[in-house]
Amino acid sequence: MGFLQGKRALITGIASQRSIATGIADAMHRQGAELALTYQNEKLKSRVDDAAANYGSSIVLPLDVADDGQIDACFDHLGKHWRDGFDILVHCIAFAPREAIEGDFLDGINRERFHIAHDISAYSLAAIAKAARPLMKGRNGSVLTLSYLGAERALANYNTMGVAKASLEATVRYMAMALGPEGTRVNAISAGPIRTLAASGVANFRKMLTQFEAVAPLRRVVTIEDVGNAAAFLCSDLAAGITGEITYVDAGYNIMG
Ligand code: 0WD
């Protein structure tokens, strides 16, 4: 029996088979969780429908986090399927305009790009958790998001997304404080670089992977399976004492000087 048997999980951010959200959904499914999935737009719907079929899930809902109406509708619908609530909310969503994630930080930033990056990559965590709150209350549930080392170090090209990830990590701590008294934990995984659609937007990503492998103590990059397994653990009762934490799944890269 898997360690997520009896748990219900809503997973956002599946954009392809390479998405980190796919690795998390696979791991949670293996551990016995019942899954619901969201898709950002009609272009991604059929892919997410196929993924849901693989997991034996019939709950597939539209969710563009830029749209408050869709956030409300998503959790209204979910409450109709899972009337007595659900246990796990996985946030695997980020976006910044390309100009804001390449070259000189100040050349690339402006008010609108800053706003979009923070809205989609950081505020959206609070927004969906707020909508999910009544359905998750009192179930020893868990919220999980994905961050990156650029939140705390100045890394070439990550730029405005690094600032948004710093905001995301602070949001994790404030949400942990708010939701802890009702039994809900909130954590982030800071993943090492993985080649996904979102990563292909970051300039010189391939070079970054090569440098990463040379420096990381495990001398390898991490996979979506690595992140998925850690996510399944953090969202399970095995991690009942962990909240407000940023857990590195990065082959040890962040400890190196
Ligand atoms: O190296 C990496 N790939 C790392 C990713 C290292 C560390 C962290 N992360 C983070 C990302 O910043 C993100 O928060 O992991 C999370 C998942 O990213 P991913 O798996 O690398 O990327 P991808 O497969 O592209 O999924 C991200 C998805 C979007 O994909 P695209 O590429 O189509 O933008 O986020 C979703 C979308 O499906 N997304 C949205 N979902 C709902 N509403 C929105 C939106 N407005 N915008 C983007």
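Helices and strands here are DSSP runs, numbered from the N terminus. With that in hand, let's take a walk through this predicted model.

**Stop one: Tyr 148.** Select Tyr 148 and look at the loop between strand 5 and helix 6 (159-179), where this residue has its place. The UniProt annotation "active site", from an unreviewed entry, covers Tyr 148 along with Tyr 158. Is Tyr 148 buried or exposed? It counts as buried because 25 C-beta neighbours sit inside 10 Å.

**Stop two: Tyr 158.** Stay in the loop between strand 5 and helix 6, which also holds Tyr 158. Tyr 158 has 24 other C-beta atoms within 10 Å, so this residue is buried.

**Stop three: Asn 140.** Move to the loop between helix 5 (111-136) and strand 5 (142-147) and pick out Asn 140. Check the backbone here: phi is near 55°, a positive value in a residue other than glycine. Asn 140 is partly exposed, as 13 other C-beta atoms lie within 10 Å.

**Last stop: Arg 219.** Finish in the loop between helix 7 (205-215) and helix 8 (224-234), where you will find Arg 219. Its phi is positive too, near 50°, and Arg 219 is likewise not a glycine. With 11 other C-beta atoms within 10 Å, Arg 219 is exposed.

Conventions
Residues numbered from 1 in each chain as written. Predicted model: local features only at pLDDT ≥ 70, side-chain atom pairs only at ≥ 80, totals over all residues. Helix = DSSP H or I, 4+ residues; strand = E, 2+ residues; numbered from the N terminus. Buried ≥ 20, exposed ≤ 12 C-beta atoms within 10 Å, placed from the backbone. UniProt positions renumbered as here; feature names shortened; annotations may be inferred.
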